[in-house]
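Me: I have a structure open and would like to learn how to read it. Can we go through it feature by feature?

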Amino acid sequence: MKVLITGSGGLIGSESCKFFLEKGHNVLGIDNNLRKYFFGNAGDTSGNIAAIQRNYGNERFKNYSIDLRERKEVINFFKKLGPFDVVNAFWHFIQNPKQGEAYNLGGCKENSASILEVINILDKDFGLKLKYTYIDNNRIGDHICYYSDMSKFKRDFPEWKITRNLKEIIEEIIEGKK
Ligand SMILES: NC(=O)c1ccc[n+]([C@@H]2O[C@H](COP(=O)([O-])OP(=O)(O)OC[C@H]3O[C@@H](n4cnc5c(N)ncnc54)[C@H](O)[C@@H]3O)[C@@H](O)[C@H]2O)c1
């Protein structure tokens, strides 16, 4: 998964970057060290960015010195490095907000899978054979499996599209684990 952290050099942001990097995800940070502008050298957060890059490598962590208040720059960033499907859904909503609406946001049927389906994909598409035992009894308390129905969101925001399919998501997870 590709994770976006804003304020990536700050106290919370830098810890969030490390958290997701430790979990095997790649991280894109946005921080222009505005903290130094406000607080002088004592507020400089560039050392945090450098330390994360040193520890996790430039391939897995990239920081972009963008001012989050600059709408054009932020939109260009998303155009170039996105899409981040969920963030992108919020962006579409903000362009054309609907009053009092509630939407489902998820992967729909085509981007959801049961454990058995994932095991099958790992075997067929990636040659990864998992050792497992199948017991034909459901766990007590299990409920019916529901898929999110995004038809309402898609109807209201037809420009928004899911850009990653299930196989690509699984591939990213495998890559992140290497
Ligand atoms: N630290 C806490 O205990 C705490 C608790 C609750 C909520 N928060 C909130 O979480 C957020 C982050 O807190 P923090 O303690 O990590 O702050 P911080 O000052 O350590 O980090 C903020 C980072 O954002 C960057 N930044 C600021 N304005 C920017 C801009 N316009 N464009 C790009 N980068 C910009 C700064 O350079 C800095 O590195 C804040 O909104 C804060 O109010 C913090």
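**Reading the model**

Reply: Start with the layout: the C-alpha centres of domain 1 and domain 2 lie 27 Å apart. Keep in mind that this is a predicted model.

Me: Into which residue ranges is the protein chain divided?

Reply: Domain 1 takes in residues 1-82 and domain 2 takes in residues 89-178.

Me: How many helices and strands does the protein chain have, and what pattern do they follow along the sequence?

Reply: Count the elements, then list them in order. The protein chain has eight helices and three strands.

Me: Why is the protein chain said to be more spread out than a compact globule?

Reply: Compare the radius of gyration with what the globule rule gives for the chain length. For 178 residues the rule gives 16 Å, and the protein chain has 20 Å, which is well over that value, so the chain is more spread out than a compact globule. The C-alpha trace spans about 65 × 45 × 30 Å along its principal axes.

Me: What share of the residues count as buried?

Reply: For the protein chain, 11% of the 178 residues count as buried. Another number to read concerns contacts with a separation of 6 or more: residues 24 or more positions apart account for 66% of these.

Me: Which residues make up the largest nonpolar core?

Reply: A core is read as a list of residues and then traced back to the elements. Here the list has seven residues: Ile5, Cys17, Leu21, Val27, Ile49, Ile52 and Phe61. Helices α1 and α3 (46-56) are the elements that give two or more residues to this core. Take Ile49 as a case: leaving out residues up to four places away in sequence, Ile49 touches Ser8, Gly9, Gly29, Asp31 and Asn63.

Me: How many residues surround the ligand, and which are the closest?

Reply: The shell around the ligand has 16 residues, and the closest are Gly7, Gly10, Leu11, Ile12 and Arg35. Two elements give two or more residues to this shell, namely α1 (11-22) and α2 (34-39). The largest share, three residues, comes from α1. Sorted by class, the shell has five nonpolar, seven polar and four charged residues.

Me: How do I decide whether a residue is buried or exposed? Is Arg155 buried or exposed?

Reply: Count the C-beta neighbours inside 10 Å. With 12 or fewer a residue is exposed, and with 20 or more it is buried. Arg155 has 9 such neighbours, so Arg155 counts as exposed. Arg155 is found in helix α7, residues 151-156.

Me: What about values between the two cut-offs?

Reply: Those residues are partly exposed. Lys18 in helix α1 has 18 other C-beta atoms within 10 Å and is therefore partly exposed. Ile119 is found in helix α6, residues 115-126, and is partly exposed because 16 other C-beta atoms lie within 10 Å. Not counting residues up to four places away in sequence, Ile119 touches Leu130 and Tyr132.

Me: How far apart in space are Lys18 and Tyr56?

Reply: Sequence separation and distance in space are read as two separate numbers. Lys18 and Tyr56 are 38 residues apart in sequence and 8.6 Å apart, C-alpha to C-alpha. Ile119 and Gln53 are 66 residues apart along the chain, with 34 Å between their C-alpha atoms. For Gly82 and Thr163, the numbers are 81 residues along the chain and 9.7 Å between C-alpha atoms. Gly82 is placed in the loop between α4 (71-81) and α5 (85-95).

Me: What should I look for in the backbone angle phi?

Reply: Most residues other than glycine have a negative phi. Asn33 is not a glycine, yet has a positive phi of about 55°. Asn33 is in the loop between β2 (26-30) and α2. With 18 C-beta neighbours inside 10 Å, Asn33 counts as partly exposed.

Definitions and conventions. Residues are numbered from 1 along each chain as its sequence is written. This is a predicted model: local features need pLDDT of at least 70, side-chain atom pairs count only at pLDDT 80 or more; totals for chains, interfaces and linings use all residues. A residue is near a molecule or strand if its C-beta atom, placed from the backbone, lies within 6 Å of it. Helices (H or I, at least four residues) and strands (E, at least two) are DSSP runs, numbered from the N terminus. Ala, Val, Leu, Ile, Met, Phe, Trp, Tyr, Cys and Pro count as nonpolar, Asp, Glu, Lys and Arg as charged, and the others, Gly among them, as polar. Domain bounds come from an automatic or database domain assignment. The radius of gyration is taken over C-alpha atoms; the globule rule is 2.2 Å times the number of residues to the power 0.38. Two residues are in contact if their C-beta atoms, placed from the backbone, lie within 7 Å. A nonpolar core is a set of buried Ala, Val, Leu, Ile, Met, Phe, Trp, Tyr and Cys residues joined through C-beta atoms within 7 Å.
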